[in-house]
Structures are given as C-alpha cells and as structure tokens.
Amino acid sequence: MIAGAFMVPHPPLIVPEVGRGQERNIQSTIDAYHEVGRRIGRLKPEVIVLISPHQTMYADYFHISPGTGARGDFGRFQAGQVKTEVAYDTEFVEQLCRKAGKAGLPAGTEGEQTSRLDHGTMVPLYFVNQYWRSYRLVRMGLSGLSFSLHYQLGQKLRETAEALDRRMVLVASGDLSHRLKPDGLYGYQKEGPEYDRRVMEAMGKGKFQELLKFDESFCERAGECGHRSFVIMAGALEQEEITPQRLSYEGPFGVGYGICAYEVKK
C-alpha cells in the first residue's frame, strides 16, 4: 500500500556541511524538508521508492538500481565526510521489473553506469534518515520516453507495493526551473517562472493530470529537472484518495525548489 508521497528538490547546499551558511537563504525549504522527514517517520514505511533525475538515465529505458545496496558521499561538493548508505529492497525491484515487462514498459536493472548514490538521492535521504531508518530503498531513474510511459511506470509501482503488501512511501526528487533569474547560473527564460507557477498550482492541489498536458519543448525551454519524477509519482497515486499540501516554494538562486506532501487516506 502507498502510505504517502512527497515532491522534493535536491539542492546540495541545504546540507549544512555543503552550504556553509548559504543554506540560510532557503530556510523555508529546509524547514519543509524537516517536516517531510517527520511525516515519513510517522508513516514508518517498509520501503521508500526514490525517483531521481540524476541517477543512470537512458533515452529509451528506465533504469532501476540493481544489487543489495549502495553508498555515496558529498565529495563532489567538498563535503566528503557526509556519507549515505542504503540497503535495497531486492524483492520489490524484481517484482517491479517483472510487472513493467509484462506491460511492455522498458524498465530493468541493466546498464548501471555507477553504483554510487547521486545527490538527487542523497539530499532527500539526508533529511529522511534523521527521522526514520528502518526501510529498504528502491532507487530509480527517468528516461527520455514520453510522460505517459512515466505515468504507467508509476502505476506499476503501486501494483508492486500491493502485490507484496509493502508499506511504501514515494519520494519524487526534482528541482523545478533552472532559468528563473538573469543572474542565476543558467540565466533567464520567460518559460521558467511560468513553468514553476503551473507546476506548483497542479502539485499543490493534487491535480496530477495537468502534468501530462505540459508540452515537452516548453519544459525544455524552462530548464526543468523533475517533471518526469513527478509524473511517475502521479501514476502511482492515480487511484488513491489523497490530501495534498503545498509546504514551500523558493527560487532565490534562479532555480525553483518546491515541496509538496500527499497524505493517502485509508
């Protein structure tokens, strides 16, 4: 069963050892992230499915991390002392791959480029692990395939959790537009603020079908990061009665950071 779901960003600088004070500029995001961690602690999931745009990605294939576990650190961000280690739910991965295959979805554990955890995975877990550690992880990436196929893969996540009778929480990791400000690292495009407005409107109210209406060229011009993560989560929540809640939105560095929570009604 799905116990809950969360849309989260992954700026490494919100880890204090990385931010070294800069994180105070997005304190609302940090506060919301702690609220996400507390809620996951209360939900006590057996498995957390974490969808990251920064893990292995192919144009025509959904990569799901293989093996029994993985580790990583923030060495890329001059904070190698901050480490993360996870154990994978191998039974869940096996079932998910089987169900995807039967549905004609190209998904599996082949083609791993590196077993090390990416920052799109480690930033959310940095907060989750402060409140709950008794879980196994399913770590999956995105693809260049259509939004509709990402949505269908989300449906298979729900089916897998139900088949295994696993208490599952979904974490859709992804920043919003990277093109919000002329002085930002990626510059400004008018589509950037518009993208963030539309996504936060849809996600804040749980209107997930709106995600499938976005034009892919518009998303590309906006420089979005997490749209497909959010679409997978939407597919998983399709048949659930939810209470959506917008927890925070900020974009002071030219990149949009949005956090929303979805309580699944029993």
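Is Cys225 buried or exposed? Cys225 is buried, at a relative accessible area of 14%; here buried means under 20% relative accessible area, exposed over 50%, and partly exposed in between, with a 1.4 Å probe and protein chains only.

1. **What you are looking at.** This is a predicted model, in which local features need pLDDT of at least 70 and side-chain atom pairs count only at pLDDT 80 or more, while totals for chains, interfaces and linings use all residues. Residues are numbered from 1 along each chain as its sequence is written, and side-chain values use heavy atoms, with hydrogens and water left out.

2. **The cysteines.** A disulfide is counted when a pair of cysteine sulfur atoms lies within 2.5 Å, and by this rule there are zero disulfides. The sulfur of Cys219 has its closest cysteine sulfur in Cys225, 12 Å away, so the two are too far apart for a bond. Cys219 also counts as buried, at 2% relative accessibility.

3. **Strand 8.** Strands are DSSP runs (E, at least two residues) numbered from the N terminus, and strand 8 covers residues 168-173. Six of its six residues are buried. On one side you will find Met168, Leu170 and Ala172, and on the other Val169, Val171 and Ser173.

4. **Its neighbours.** Two strands pair if DSSP finds at least two bridges between them. Strand 1 (residues 2-8) runs parallel to strand 8 and is joined to it by six bridges, with Gly4 opposite Val169. Strand 2 (residues 47-51) is also parallel to strand 8, over five bridges; there, Leu50 stands opposite Val171.

5. **The nonpolar cores.** A nonpolar core is a set of buried Ala, Val, Leu, Ile, Met, Phe, Trp, Tyr and Cys residues joined through side-chain atoms within 4.5 Å. The largest has 50 residues, and Met7, Phe92, Leu170, Met203 and Tyr262 touch the most other members. Another core, of 38 residues, lies apart from it and includes Val36, Leu125, Phe127 and Val169.

6. **The largest pocket.** A pocket is an open set of points on a 1 Å grid over the protein atoms alone, where a 1.4 Å probe fits, with protein on both sides within 12 Å along at least five of seven lines; lining residues have an atom within 4 Å of a point. The largest pocket has a volume of about 340 Å³, taken as the space filled by probe spheres set on the points. Its lining has 17 residues, with Pro11, Pro12, Tyr186, Val255 and Tyr257 nearest the centre.

Definitions and conventions:
Helices (H or I, at least four residues) and strands (E, at least two) are DSSP runs, numbered from the N terminus.
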